[in-house]
Amino acid sequence: MSTSLRNTGVNVLGEMPWGSHVCMFYESKDDLLDTVIPFFKAGLESNEFCLWAPSQPLTPEEARMAVLRRIPAFDRHLAAGDIEILSGREWYLKGDRFDLKRITSAWEEKLRGALAKGYDGMRASGNAFWQDTGHWKDFYDYERKLNKWIRGKQMTALCTYPIVVSAAAEALDVARVHQLAVARRKGDWELIEPAPAAAGTYSLTPREREVLWWAAEGKSASQIGKILHITKRTVDEHTKNAARKLGAANRTQAVAIALRERLIGKNSPSAA
């Protein structure tokens, strides 16, 4: 199995390995579309089978129309079976009944089918709709078990939760059963329950901030090196040092913490 990082298409997430399970809290339908569609666009460009299971505030038809407007040749991808857009409620529930074994088996079947057809792997996204139903505990258990099941699989999953119906306690519960949790509010990102910092203050160098800023823009280490006229190895060293100072486990968490702490922002640090 390839261990190379996969481009998520989402600036704050950058590149992530197979087996990643992250969640995003969103404020508006536009925030949701601006995150999920680039996520799938990058997947299609990387020879990954894509499955989207939207629910309120999006119907499957609205999701298809939104993707059609933003992804070139989407009709071709749809006809080829490269992407499926299904009803979230129908994917997770059958007759209002939740069956964890059935859902896990369905993911296994989709992934196995994708690999058999020659895809490098699979990426999936589903929009949570169960906060106001009687299935909250069931779905929380599902997320927790999915977090363990997906490790080592050639699959990445982006779970999306509306902020307006996510109580504080539920948000923390959700964050704990994902490898990383972020929130998007009117285009701005923040980390939910970040990794603890090694110190109370941060002492990033200007170059470390610059590298993290470009990483937040979705650039790979090689691309950042070309932009800053330094080697990829030097970029990796700056990233490693920044992550250590921020108490982050990897580049993705370092970027999320830097955004939350406003160590980097919307404008390039070199232009600030």
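**Figure 1. Contact residues between helices H5 and H6.** Leu-100, Ile-103, Thr-104, Trp-107 and Glu-108 of H5 touch Tyr-142, Lys-145, Leu-146 and Trp-149 of H6. By class, the residues of this contact comprise six nonpolar, one polar and two charged. The view, like those that follow, is taken from a predicted model.

**Figure 2. Packing geometry of H5 and H6.** Two packed helices are described by the angle between their axes and the distance between the axes. Helix H5 spans residues 100-116 and helix H6 spans residues 136-149. Their axes lie 11 Å apart and form an angle of about 35°. The crossing of H5 past H6 is right-handed.

**Figure 3. Salt bridge between Glu-84 and Lys-110.** Side chains of opposite charge can pair when their charged atoms come close. Here the side chains of Glu-84 and Lys-110 form a salt bridge with an N to O distance of 2.8 Å. Glu-84 belongs to strand S5 (residues 83-85) and Lys-110 to helix H5, so this pair ties together parts that are 26 residues apart in sequence. Glu-84 has a relative accessibility of 24% and therefore counts as partly exposed. Lys-110 is also partly exposed, at 23% relative accessible area.

**Figure 4. Salt bridge between Arg-64 and Glu-61 in helix H2.** The two side chains, Arg-64 and Glu-61, meet in a salt bridge at 3.6 Å, N to O. Both residues sit in helix H2 (residues 60-70), where they are three residues apart, about one turn of the helix. Arg-64 counts as partly exposed at 27% relative accessibility. Glu-61, at 44% relative accessibility, counts as partly exposed.

**Figure 5. Salt bridge between Lys-232 and Asp-236 in helix H10.** An N to O distance of 2.9 Å marks the salt bridge between the side chains of Lys-232 and Asp-236. Lys-232 and Asp-236 are separated by about one helical turn because they are four residues apart in helix H10 (residues 232-246). Lys-232 is partly exposed, with a relative accessible area of 43%. Asp-236 counts as partly exposed at 32% relative accessibility.

**Figure 6. A salt-bridge network of Arg-6, Glu-48, Asp-120 and Arg-123****.** The model has a count of 13 salt bridges.

Definitions and conventions:
Residues numbered from 1 in each chain as written. Predicted model: local features only at pLDDT ≥ 70, side-chain atom pairs only at ≥ 80, totals over all residues. Heavy atoms only, no water. Axes fitted to C-alpha atoms, helices over the stretch in contact; angles between N-to-C directions. Helix = DSSP H or I, 4+ residues; strand = E, 2+ residues; numbered from the N terminus. Left-handed = near helix turned anticlockwise from the far one by under 90°. Contact = heavy atoms within 4.5 Å. Nonpolar A, V, L, I, M, F, W, Y, C, P; charged D, E, K, R; others polar. Salt bridge = Lys/Arg side-chain N within 4 Å of Asp/Glu carboxyl O. Buried < 20%, exposed > 50% of the residue type's maximum accessible area, 1.4 Å probe, protein only.
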